[in-house]
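User: I would like a close look at a single part of this model, followed by an account of how that part relates to its surroundings.
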Amino acid sequence: MIMLTKLNNQQVLLNSAQIEAVEFIPESKIVLMNGKFYLVKESAEEIVEKIIEYNGRIHCYHTDR
């Protein structure tokens, strides 16, 4: 699960395995596999970094090679 910030400043935890696409319009639109979407404040780089960090924690790999 990754923590993101909606446009109204509410935080939301999303299952990164359910993300189908991320659109940038200029905010980030996270589209889930069930068709629901969230508009969030985080940039593309921040979202990718959060997903990598989360996957690293659950799969026990390191990103500092």
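Does Glu53 count as buried, partly exposed or exposed, and what is its relative accessibility?

Analyst: This is a predicted model, and in it Glu53 counts as partly exposed because its relative accessibility is 46%, which falls between the 20% limit for buried residues and the 50% limit for exposed ones. The side chain of Glu53 meets that of Arg57 in a salt bridge, with an N to O distance of 3.1 Å, and the count of salt bridges by the rule applied here comes to 1. Both partners belong to helix α1, where they are 4 residues apart, or about one turn of the helix. Arg57, for its part, has a relative accessibility of 51% and therefore counts as exposed, the cut-off being over 50%.

On the surface, Met1, Met3 and Leu13 form a nonpolar patch whose accessible area is together about 270 Å². Of these, Met3 lies in strand β1 and is partly exposed, with a relative accessible area of 35%.

Conventions
Residues numbered from 1 in each chain as written. Predicted model: local features only at pLDDT ≥ 70, side-chain atom pairs only at ≥ 80, totals over all residues. Heavy atoms only, no water. Salt bridge = Lys/Arg side-chain N within 4 Å of Asp/Glu carboxyl O. Helix = DSSP H or I, 4+ residues; strand = E, 2+ residues; numbered from the N terminus. Buried < 20%, exposed > 50% of the residue type's maximum accessible area, 1.4 Å probe, protein only. Patch = residues over 30% accessible without salt bridge, like charges linked within 9 Å, V, L, I, M, F, W, Y side chains within 5 Å. Areas by Shrake-Rupley, 256 points an atom, 1.4 Å probe, with all protein chains shown as cover.
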